[in-house]
2 protein chains.
Amino acid sequence: MTAPDRSILKALPPFARLTDAELDEIAATATSRLYCAGMSLYGQGDDAEEFYVVVLGRLRVTQITSTGEQIVVRVVNPGELCGIAHALGRTTYPATAMAVVDSVALAWPTDRWDDIVRRFPSFAQVAMGMIGGRLQEAHARIREMSTEVVERRVGHTVLRLAQQSGKREPEGIRIDFPISKQDLAEMAGTTLHTVSRILTAWEEAGLVGTGRQKLLVKEPHRLLLIADGAEEGLLR
Amino acid sequence: MTAPDRSILKALPPFARLTDAELDEIAATATSRLYCAGMSLYGQGDDAEEFYVVVLGRLRVTQITSTGEQIVVRVVNPGELCGIAHALGRTTYPATAMAVVDSVALAWPTDRWDDIVRRFPSFAQVAMGMIGGRLQEAHARIREMSTEVVERRVGHTVLRLAQQSGKREPEGIRIDFPISKQDLAEMAGTTLHTVSRILTAWEEAGLVGTGRQKLLVKEPHRLLLIADGAEEGLLR
DNA sequence: CGGATTGTTGAGGATACTCAAGTTAGGTGG
DNA sequence: CCACCTAACTTGAGTATCCTCAACAATCCG
């Protein structure tokens with residue numbers, strides 16, 4: 001609920017190249033908020049009154065279709081922007097953002113966006129690069145869903161997750177926040193049943209470790225071979 | 001091959017709000033190029049040496065996967081940016097852009113991008129909005145591919161095409177550049193066989209008119225009902 | 001007019017979904 | 001701390017959708 005200190009901003013990529021005076025000015029209009037696991041920052045269809053930068057924790061961004069199915073658009077990691085509907089030319093949020101673990105985010109009123117972009121080109125540049133990264137990820141998903149069989153799609157989904165949000169550990173790359181089979185299914189465009197069968201097969205082969213909302217990628221390299229089609233799938 | 005006149009720039013959304021002096025300055029570093037149908041502006045994997053704004057014609061942007069399958073990323077219409085790999089944080093083009101009809105585009109050296117963005121916030125704002133639109137379209141495709149059966153997916157693909165690149169005519173909305181069944185399949189994530197069957201069924205119902213690389217949407221409203229699942233599909 | 005590209009249509013079959021039933025894990029309250 | 005309850009997950013069986021394979025037809029262009 002309080003305005004953040006400049007040192008917090010400085011550690012976030014969008015603000016990394018600003019001077020102390022500039023940071024203070026930007027910090028002055030920000031609000032720091034704590035979201036407990038399960039709380040949402042904003043909902044699909046709401047007026048886009050604020051935009052956010054995540055400081056700590058993880059968010060899951062989802063969309064609901066008109067027929068009630070849900071898809072996971074992305075996971076938001078610390079340092080990333082979200083809720084920037086205005087920059088994308090919208091007045092409402094196209095999706096819902098929810099904290100999957102206790103999270104801290106900075107919020108600015110949406111009408112600060114244009115001013116910040118205009119006055120701080122380095123912010124604009126980083127923001128555009130982040131949007132670009134999301135666009136490329138989206139195209140990768142489209143490509144995968146168009147051309148790959150489920151097992152490879154789930155492979156790429158898991159690998160992307162490991163790369164973007166994973167934590168290196170002695171045994172492998174751990175996804176250190178709760179992720180359900182249903183979530184993975186909604187990311188890969190399949191059902192939780194199919195994800196369950198695939199992960200069980202991979203677990204038996206020692207590629208991954210799974211559990212209730214748990215995921216550990218033990219052999220990313222071999223998983224990549226499967227995802228890229230260089231090695232036969234393990235299902236069935 | 002020649003530098004363009006400021007009046008040409010002024011008609012393009014990214015430059016619409018600049019002064020004559022600013023336009024002249026931007027025009028000075030631009031090259032106007034004619035691409036005959038079938039020529040490519042750049043290829044997937046090439047160094048991103050230039051970015052473009054299309055003035056006339058249509059481009060088709062495609063990606064080839066490691067296994068040789070192709071997908072259509074998008075169609076580029078006059079007034080739109082393309083080849084902005086640098087802005088998205090890349091050094092190479094992630095896709096190939098090819099003229100589907102004779103087209104004119106303006107080209108700038110990639111290293112002009114940062115300078116233009118920094119000095120002309122209105123350009124930056126329009127550019128970000130365009131990238132945002134692409135991101136939303138990509139998410140719509142992901143949502144459709146995750147949750148919808150083929151016929152509805154093809155419906156949404158055709159409707160998007162009609163909306164973005166169609167031309168109102170007495171009989172309906174015409175796609176006035178060559179578009180093959182294979183192209184539609186690569187946009188909808190299916191095969192040309194399935195697209196052919198679906199369009200034949202729609203044609204028999206009077207929803208569309210089709211032909212070799214031709215497409216006319218006669219009843220967009222009824223097609224929308226099918227695409228949105230409010231009405232039964234016509235296939236089989 | 002001939003070749004090449006694009007599109008049509010049918011048959012068969014595999015992939016992955018749906019439906020169903022049960023199991024495990026974790027959190028909560030007594 | 002244990003019992004219970006719910007949410008998450010597993011596994012099996014049957015089947016629909018849509019892809020693959022195949023052969024042919026139509027259209028365009030030079």
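1. In this predicted model, B:Arg6 touches B:Asp20, B:Leu23 and B:Asp24, leaving aside residues up to four places away in sequence, where contact means heavy atoms within 4.5 Å. B:Arg6 lies in helix α1 (residues 6-10) of chain B; helices (H or I, at least four residues) and strands (E, at least two) are DSSP runs, numbered from the N terminus. From B:Arg6 to B:Leu23 the C-alpha to C-alpha distance is 5.5 Å, although 17 residues separate them in sequence. B:Arg6 is partly exposed, its relative accessible area being 33%; buried means under 20% relative accessible area, exposed over 50%, and partly exposed in between, with a 1.4 Å probe and protein chains only.

2. On conventions, residues are numbered from 1 along each chain as its sequence is written, while chains are lettered from A and ligands numbered from 1 in the order in which they are written. Local features need pLDDT of at least 70 and side-chain atom pairs count only at pLDDT 80 or more, whereas totals for chains, interfaces and linings use all residues, and side-chain values use heavy atoms, with hydrogens and water left out.

3. Which residues of helix α3 (residues 112-119) of chain B are buried? They are B:Arg112, B:Trp113, B:Ile116 and B:Val117. Seen down the axis of α3(B), these buried residues fall within an arc of 125°, so they line one face of the helix; the arc is that of the directions from the helix axis to the C-beta atoms.

4. The axes of α3(B) and α4(B) are 5 Å apart and the two helices pack at an angle of about 110°, the axes being lines fitted to C-alpha atoms, for helices over the stretch in contact, with angles from 0 to 180 degrees between N-to-C directions. The pair is therefore roughly perpendicular; angles under 35 degrees count as roughly parallel, over 145 as roughly antiparallel, 65 to 115 as roughly perpendicular and the rest as oblique. On the α3(B) side the contact is made by B:Trp113, B:Ile116, B:Val117 and B:Arg119, and on the α4(B) side by B:Pro121, B:Phe123, B:Ala124 and B:Ala127. By class this contact has seven nonpolar, no polar and one charged residues, where Ala, Val, Leu, Ile, Met, Phe, Trp, Tyr, Cys and Pro count as nonpolar, Asp, Glu, Lys and Arg as charged, and the others, Gly among them, as polar.

5. In chain A, the axes of helix α5 (residues 150-165) and helix α6 (residues 181-188) come within 9 Å and cross at roughly 110°, which makes α5(A) roughly perpendicular to α6(A). Here A:Arg153, A:Val154, A:Thr157, A:Val158 and A:Leu161 of α5(A) meet A:Leu184, A:Met187 and A:Ala188 of α6(A). The residues of this contact divide into six nonpolar, one polar and one charged.

6. Over all chains the structure holds zero disulfides, a disulfide being a pair of cysteine sulfur atoms within 2.5 Å. A:Cys36 is in no disulfide, and the nearest cysteine sulfur, that of A:Cys82, is 17 Å away. A:Cys36 is partly exposed, with a relative accessible area of 37%, whereas A:Cys82 is buried, with a relative accessible area of 0%.

7. A:Gln213 is placed in the loop between β11 (208-211) and β12 (214-217) of chain A and is partly exposed, at a relative accessible area of 42%.
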